[in-house]
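Please examine the structure shown below with attention to its charged and aromatic side chains. The paragraphs that follow treat the salt bridges and then the aromatic pairs.

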Amino acid sequence: VRVIHNGIDPAIYIDAAPRPAGTPVIGYLARLCPAKGLHTLIDAFITLRKDHPDTDCRLHIAGAATPADEPYIAEQRSKLDQAGLSGVVDITPNINQEQKLAMLGSLTVLSVPATYGESFGLYVIEANAMGVPVVQPDHGAFPEVIGETGGGILYALDEPGDLVNKLKAVLNDKTLHEQLSRAGRARVLEHFTANRMAQQIADTLETICPAALR
C-alpha cells in the first residue's frame, strides 16, 4: 500500500498571517450536516462565550448545504438565538471559491469536529495553506495529516470540554498560534501540492506497471 496525500494549488492560497485586527474568528468549512459535527462546534462556541469571558471570539460557518440540511441548520440557528449569540455568528452556505478564500483569510483558527473517521479532510490543508491553525478530533486521518503538517492540535473525544480547551489555547496563546500557523503553511506548500501529488502518482504507476507507460 502506498499513501499519496491530496494536494492543492498553492498559488491560490495567499498567506493571510498575521490575522486581521479585531475579534478572533473561529471558522467551520464543510457541509452543514450532523456528520461533520457542526453542532459540536456550536456547542463549544457557546461554552467559550458563556463560561470563558476572557476569550472573545466570533464564529463563521461556511460550506455546502442542500435542502435536506435545512432543518438541521435551522436547529443550530435556534440554539444560537437562545444563547443570545446570533449577532456574533455568520452562516454563509454554498460559497464560491473567491468567498471561501476570503473567509479563510479572516479566520484565527478552523475546526470541523467530524463525528466519523474522516479519510483526509481537505479543509485542513486549505486552512494551513492560508496560515490558519486547525483544532480537530483525535480520530480518522487527522492524527496523520496534522502530524505531517504540524499546523494544528488534536482534542480528545473522550474528554468533555477538551475541544473548548484546545480552541481557547489557540485563540489566547499568540506564541502557539504563530508556531502552528508557520509550520502548517510551510509544510503544506512543500508536501501537499497538486504537482507533488501528480508526480507521486506517476512514480507509483511507473513502479507498478512501467511497460504500460511506455
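K100 and E126 are both buried, a term that denotes under 20% relative accessible area, with exposed meaning over 50% and partly exposed the range in between (1.4 Å probe, protein chains only). The two side chains meet in a salt bridge, with an N to O distance of 2.5 Å; such a bridge requires a side-chain nitrogen of Lys or Arg within 4 Å of a carboxyl oxygen of Asp or Glu. K100 belongs to helix α3 (residues 97-105) and E126 to helix α4, so that distant parts of the chain, 26 residues apart, are linked. Helices (H or I, at least four residues) and strands (E, at least two) are DSSP runs numbered from the N terminus.

This is a predicted model, in which local features need pLDDT of at least 70 and side-chain atom pairs count only at pLDDT 80 or more, whereas totals for chains, interfaces and linings use all residues. Residues are numbered from 1 along each chain as its sequence is written, and side-chain values use heavy atoms, with hydrogens and water left out.

Side chains of opposite charge can pair when their charged atoms come close. By the rule above, the structure has 11 salt bridges. One of them joins K36 to E118, whose closest N and O atoms are 2.7 Å apart. This pair spans 82 residues, from the loop between β1 (25-29) and α1 (38-51), which holds K36, to the loop between β4 and α4, which holds E118. Both K36 and E118 are buried.

The salt bridge between K79 and D43 has its closest N and O atoms 3.0 Å apart. K79 in helix α2 (residues 70-82) and D43 in helix α1 are 36 residues apart. K79 counts as partly exposed because its relative accessibility is 25%, and D43 counts as partly exposed at 36%. Elsewhere, E148, R187 and E190 are linked in a network of salt bridges.

The whole structure contains 2 aromatic pairs. Rings of Phe, Tyr and Trp (its six-membered ring) pair if their centres lie within 6.5 Å; planes under 30 degrees apart count as stacked, over 60 as edge-to-face and the rest as tilted. The ring centres of F120 and F192 are 6.3 Å apart and their planes stand at 50 degrees, so this pair is tilted. F120 lies in the loop between β4 (109-110) and α4 (122-129), and F192 in the loop between α7 (174-191) and α8 (194-208), 72 residues apart. F120 is buried at 8% relative accessible area, and F192 is buried at 0%.

Y123 and F142 form a tilted pair, with 6.4 Å from centre to centre and 45 degrees between the planes. Because Y123 lies in helix α4 and F142 in helix α5 (residues 142-149), the pair ties together parts 19 residues apart in sequence.
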